[in-house]
Amino acid sequence: MNNVTFLARLDRSVTPEEIKNLQYSVGWSGGDLEDWLSCIGHSLCVATARDISSNELVGIGFLAGNVRHAQLVDLTVHPRVQRHGVARQLVQLCLGFVVEHGIKYVGLTWAESSPWLKDFYFRAGFREIHNAMWLEESIIRANAPVLKEEQ
Ligand SMILES: CC(C)(COP(=O)(O)OP(=O)(O)OC[C@H]1O[C@@H](n2cnc3c(N)ncnc32)[C@H](O)[C@@H]1OP(=O)(O)O)[C@@H](O)C(=O)NCCC(=O)NCCS
């Protein structure tokens, strides 16, 4: 798709099946339909991007958490429309929600397989911190390397 026209907005009318297909498109396992249904209903906000001509879901991101603490998660853009600013707009929509609702603490993790993501999120206003920890089972489930050995 050379000429990409998409509409990005905060929108919960997305279906779990659409999200699963989008996850497959980037080579991820797709996840559980019941989990996605819960994510749609219980996230602080859901940012979606749809191809204007076909209405196909081409991008998604969630802001999970509560009005004090939030996490930007599961940002995904269909490979066919990547590098057209879709993710940038989805992040901006979520950060607009953060400002509008006065959310105090916002974090994320990024996939080390795509090191450029660090700059991408840096440009969106995120900075690295050194005092974050994850539950061990979560690290294993995410297949992420443990960065520091226990002291
Ligand atoms: C990460 C992802 C959501 C980015 O989506 P996208 O819509 O292509 O990103 P954007 O077009 O908004 O990119 C914005 C900027 O990020 C950088 N960028 C994006 N993709 C890049 C890539 N593959 N390599 C290097 N830099 C990249 C560029 O600086 C880009 O700006 P530019 O195109 O003007 O140079 C998408 O690649 C994806 O779904 N990847 C698989 C899932 C994933 O890893 N999600 C991240 C979870 S933390």
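A residue counts as buried if 20 or more other C-beta atoms lie within 10 Å of its own, and as exposed if 12 or fewer do. With that in hand, let's look at this predicted model.

**The helix α3**

In α3, the buried residues are V86, A87, L90, V91, L93 and C94. Looking down the axis of α3, you would find its buried residues within an arc of 155 degrees, so they line one face of the helix. V99 and E100 sit on the other side of α3 and are exposed. What covers the buried residues? For α3, the cover includes β1, β2, β3 and β4. Here is where these strands lie in the chain.

| Strand in the cover of α3 | Residues |
|---|---|
| β1 | 6-10 |
| β2 | 45-51 |
| β3 | 57-65 |
| β4 | 69-77 |

The length of α3 can be checked too: at 1.5 Å a residue, its 16 residues should span 22 Å, and the 23 Å between its end C-alpha atoms agrees with that. After α3 comes G102, with a positive phi near 65 degrees.

**Around the ligand**

There are 17 residues around the ligand, and V77, Q82, V86, A87 and R88 come nearest. At least two residues of this shell come from each of β4, α3 and α4 (117-123). By type, the shell holds ten nonpolar, five polar and two charged residues.

**The whole chain**

Stepping back, the chain has five helices and five strands. Its radius of gyration is 16 Å, close to the 15 Å that the globule rule gives for 151 residues, so the chain is as compact as a globular protein of that length. Buried residues make up 21% of the chain.

How values were computed
Residues numbered from 1 in each chain as written. Predicted model: local features only at pLDDT ≥ 70, side-chain atom pairs only at ≥ 80, totals over all residues. Near = placed C-beta within 6 Å. Helix = DSSP H or I, 4+ residues; strand = E, 2+ residues; numbered from the N terminus. Nonpolar A, V, L, I, M, F, W, Y, C, P; charged D, E, K, R; others polar. Expected span 1.5 Å × (residues − 1). Arc of directions from axis to C-beta. Contact = placed C-beta atoms within 7 Å. Rg over C-alpha atoms; globule rule 2.2 N^0.38 Å.
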